[in-house]
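Have a look at the model first.

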Amino acid sequence: MAALLRLPTLIFDCPGSFPHRHNFAVTAVDYSIRRRKSRSSAVTCSASGGPSSSEISSTAKIRSEVLSPFRTVRMFFYLAFIASGSLGGLIALSQLIGALANPSRAADITEILKGLGIDVGAVSTFAFLYYRENKSKNAQVARLSREEFLSNLKLRVDERRILPLSAFRGIARLVILAGPASFIQDAFKLSEPFSESLLERGILVVPFVTDGGSPKFESEEEEETKEINGKRKRLWQLEPVYAAEWSKWLDEQKKLAKISPESPVYLSLRMDGRVRGSGVGYPPWNAFVAQLPPVKGIWTGLLDGMDGRV
């Protein structure tokens, strides 16, 4: 289901959406975000905090040019060849009309038709190449626009901090879940055996409840399980805010992927904020652990771009 951002009717309000949540200790991820936020202006609790569609489109076009720097040059030459072939075809067509009207030039008709065929073939070929290049460009810009819109959606880190998804770039790999409360609850239980390994790989979960329910991210509190329970809570500590913006984005992704609006889905992001993969149903927690490199240790930096396929 890699086409899914390529993925909801969600209910979260600005002031605490999950009243049962606790305040968690500041993790390394929180500390990195706090340092980044100290250099920027504070985020206010306002639904109008995101950029306009024109700003997103401009950013997406710039990113598209960076990712495909020679596309514009290719498209220019395609247009130049189309114009040249069209001009040659018009000249050949006028010559053909003259030859047909003058019996003395009947011998030239074969050569004129040959040249006209070459011109028509060249125009058709370069028109197809231009169409394919333009279609690829539009698809890329649309995808980048959706990713830019996603990066400006807001998350609540704790009671005092609301950050856009872009603040987590280079810091965490976000996994977005969207579904009814029972789906979110089951996904939480399935992730429990992998909590420590997921956190080591910088994964943080963003749960979206689509039926107005309230899943509980709690485990049995015992002395020997207190530490691992704290890690499970940190894994699931992020909360989305501004329901209308999240709902709009997610509804569009499901429509593009031709998925039923009621289907529970997941979406995993790379460290740089790009979409890694998506699908219907529960996230493959074991595959995340198997494929993604830890964010600390000897391989940090070297494997940052090798984010796996799940």
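Q: Glad to dig in! In this predicted model, what kind of crossing does H4 make as it passes H8?
A: The crossing of H4 past H8 is left-handed. On the H4 side, the contact is made by Arg146, Phe149 and Leu150, and H8 brings Glu245, Trp246, Lys248, Trp249, Gln253 and Leu256. By class, the residues of this contact divide into five nonpolar, one polar and three charged.

Q: Why are H4 and H8 called roughly antiparallel?
A: Helix H4 (residues 109-151) and H8 pack at an angle of about 150 degrees, and their axes are 10 Å apart. Angles over 145 degrees count as roughly antiparallel, so that is the term for H4 and H8.

Q: Let's follow the chain onward from H8. Where does Ser263 lie, and why does Ser263 count as buried?
A: Ser263 lies in the loop between helix H8 (243-256) and strand S6 (265-269). Its relative accessibility is 18%, and buried means under 20%, so Ser263 counts as buried. Leaving aside neighbours within four places in sequence, Ser263 is in contact with Ala178, Lys254 and Val280.

Q: Ala178 belongs to S3. What makes strand S3 largely enclosed by the rest of the structure?
A: Seven of the seven residues of S3 (residues 173-179) are buried, so the strand is largely enclosed. Both faces are covered: one side has Arg173, Val175, Leu177 and Gly179, the other Leu174, Ile176 and Ala178, and all are buried.

Q: How do you know that S3 pairs with S4 and with S6?
A: Strands pair if there are at least two bridges between them. Seven bridges join S3 to strand S4 (residues 203-209), and these two run parallel; Leu177 has Pro207 as its bridge partner in S4. S3 and S6 are joined over four bridges in the antiparallel sense, with Ala178 opposite Val265 in S6.

Q: Nice. What makes S4 and S7 the edges of the sheet?
A: The open sheet has four strands in the order S4-S3-S6-S7, with mixed pairing. S4 and strand S7 (275-280) each have a single partner strand, so one side of each is left without a neighbour in the sheet. From one strand to the next, the twist averages 15 degrees.

Q: And how many bridges join S6 and S7?
A: S6 and S7 pair over five bridges, in the antiparallel sense. Within this pair, Ser268 stands opposite Gly277 in S7.

How values were computed. Residues are numbered from 1 along each chain as its sequence is written. This is a predicted model: local features need pLDDT of at least 70, side-chain atom pairs count only at pLDDT 80 or more; totals for chains, interfaces and linings use all residues. Side-chain values use heavy atoms; hydrogens and water are left out. Buried means under 20% relative accessible area, exposed over 50%, partly exposed in between (1.4 Å probe, protein chains only). Contact means heavy atoms within 4.5 Å. Axes are lines fitted to C-alpha atoms, for helices over the stretch in contact, and angles run from 0 to 180 degrees between N-to-C directions. Angles under 35 degrees count as roughly parallel, over 145 as roughly antiparallel, 65 to 115 as roughly perpendicular and the rest as oblique. A crossing is left-handed if the near helix is turned anticlockwise from the far one by less than a right angle, and right-handed if clockwise. Ala, Val, Leu, Ile, Met, Phe, Trp, Tyr, Cys and Pro count as nonpolar, Asp, Glu, Lys and Arg as charged, and the others, Gly among them, as polar.
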